Amino acid sequence: MAARPTWKGFLKISLVNIPVRVFPATDAAATISFNQLHRECSTRIQQKRWCPTCQVEVANTDLVKGYEFEKGRYVVLEDEDIAKVRPESTRVINIVQFADAAVIDPVYVERPYYLAPDGTVAGEAFAVIREGMAGKAAIGKLALYGREYLVAIQPRENGLVMYTLRHASEVRAMGAIDELKTVPAKIKPDEVKLARQVIGNFETGGDLTQYKDDYQEQLRAIIDAKVEGREVVTQEEEAPPKVVNLMEALRQSLDRVSSSRKRTAKISEQPVRKVVAKAAPKKRARA
């Protein structure tokens with residue numbers, strides 16, 4: 001099934017305006033979700049808005065937005081108050097600067113989207129800008145649904161990928177983590193050397209497509225079994241050995257990788273035996 005765009009607008013770079021379509025880069029349907037049911041009758045539960053002071057259910061028309069400025073004290077904001085600062089949706093992704101792609105800190109990245117040209121006429125300009133952005137990231141702003149988003153756009157394959165970004169005020173500084181203050185500044189060179197050897201044995205090209213969500217697959221198997229009336233028996237996981245000493249843990253890790261490689265080599269060196277199915281003996285025809 002072809003992906004459907006969730007938004008249409010323009011990518012604006014100075015005087016250049018390119019009609020684009022925006023597609024979600026992630027698939028929410030890939031993750032299993034649940035509904036809350038009443039155990040007694042398996043009916044889906046309704047969520048009701050309840051006022052504990054008035055002891056009544058509150059209709060949507062009687063709801064207002066409140067900001068807690070002190071514990072238990074709120075200031076009420078009406079729709080007209082919020083409208084004074086709400087940005088008007090412009091259907092324009094306005095690029096304000098370019099930077100090296102490497103400067104985009106992953107901690108700022110919120111959600112990915114794909115950009116594609118809206119129509120064949122826009123395709124040529126889209127391709128030119130994409131090639132011109134090689135190694136670069138465009139930083140821009142997008143006013144949508146009553147709020148302003150900070151975005152970063154980078155070339156990816158034959159398209160563009162757009163990330164909505166968190167603002168700096170939303171990112172907590174690592175200095176606020178007290179536990180990190182106890183991390184020692186001086187470390188033993190021998191331990192670092194051994195750690196790099198262990199890490200080197202696990203180093204790959206970083207292809208994430210080789211991994212699958214085992215939890216989701218096992219959960220799906222349980223759901224299918226319950227639908228079909230079958231029982232699923234799961235195997236208990238083996239507890240990892242407890243190793244207190246860091247150097248000993250690193251040495252055991254190296255030994256485990258080495259022994260695993262030796263076993264793989266021995267198996268690959270063994271000659272491959274061809275299994276040929278023997279035909280059944282023919283029965284002699286009776287005279």
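Modeller: Helices (DSSP runs of H or I, at least four residues) and strands (DSSP runs of E, at least two) are numbered from the N terminus. The model is predicted, so local features need pLDDT of at least 70 and side-chain atom pairs count only at pLDDT 80 or more, while totals for chains, interfaces and linings use all residues. Residues are numbered from 1 along each chain as its sequence is written, and side-chain values use heavy atoms, with hydrogens and water left out.

Colleague: How many helices and strands are there in the protein chain?

Modeller: The counts follow from those runs. The protein chain has five helices and eleven strands.

Colleague: What pLDDT does the protein chain average?

Modeller: pLDDT is the predictor's confidence in each residue, from 0 to 100. Of the residues, 86% score at least 70, and the chain average is 85.

Colleague: Is Gln154 buried or exposed?

Modeller: Gln154 lies in strand β10. Away from its neighbours within four places in sequence, Gln154 has contacts that include Ala101, Met133, Leu160 and Tyr163. The cut-offs are under 20% relative accessible area for buried, over 50% for exposed and in between for partly exposed (1.4 Å probe, protein chains only). Gln154 has 17%, so it is buried.

Colleague: What is the relative accessible area of Thr164?

Modeller: Thr164 belongs to strand β11. Setting aside neighbours within four places in sequence, the residues in contact with Thr164 include Tyr108, Glu110, Tyr113 and Val151. Thr164 is buried because its relative accessible area is 8%.

Colleague: What percentage of the 287 residues in the protein chain are buried?

Modeller: Gln154 and Thr164 are both buried. For the protein chain, with its 287 residues, the buried part is 16%.

Colleague: How many residues has the largest nonpolar core?

Modeller: In soluble globular proteins, nonpolar side chains tend to be buried together. A nonpolar core is a set of buried Ala, Val, Leu, Ile, Met, Phe, Trp, Tyr and Cys residues joined through side-chain atoms within 4.5 Å. In the largest one, Leu11, Ile93, Leu115, Ile153 and Met162 have the most contacts inside the core, and its residues number 21. The elements that each supply at least two residues of this core include β1 (7–13), β2 (16–24), β7 (92–100) and α2 (120–132).

Colleague: How many residues has the other core, which lies apart from the largest one?

Modeller: Ile104, Ile139, Val161 and Leu165 are among its members. The count for this other core is seven.

Colleague: Where does Gln55 lie?

Modeller: Gln55 is a residue other than glycine with a positive phi, near 55°. Its place is in the loop between β3 (50–51) and β4 (56–57).

Notes. Contact means heavy atoms within 4.5 Å.
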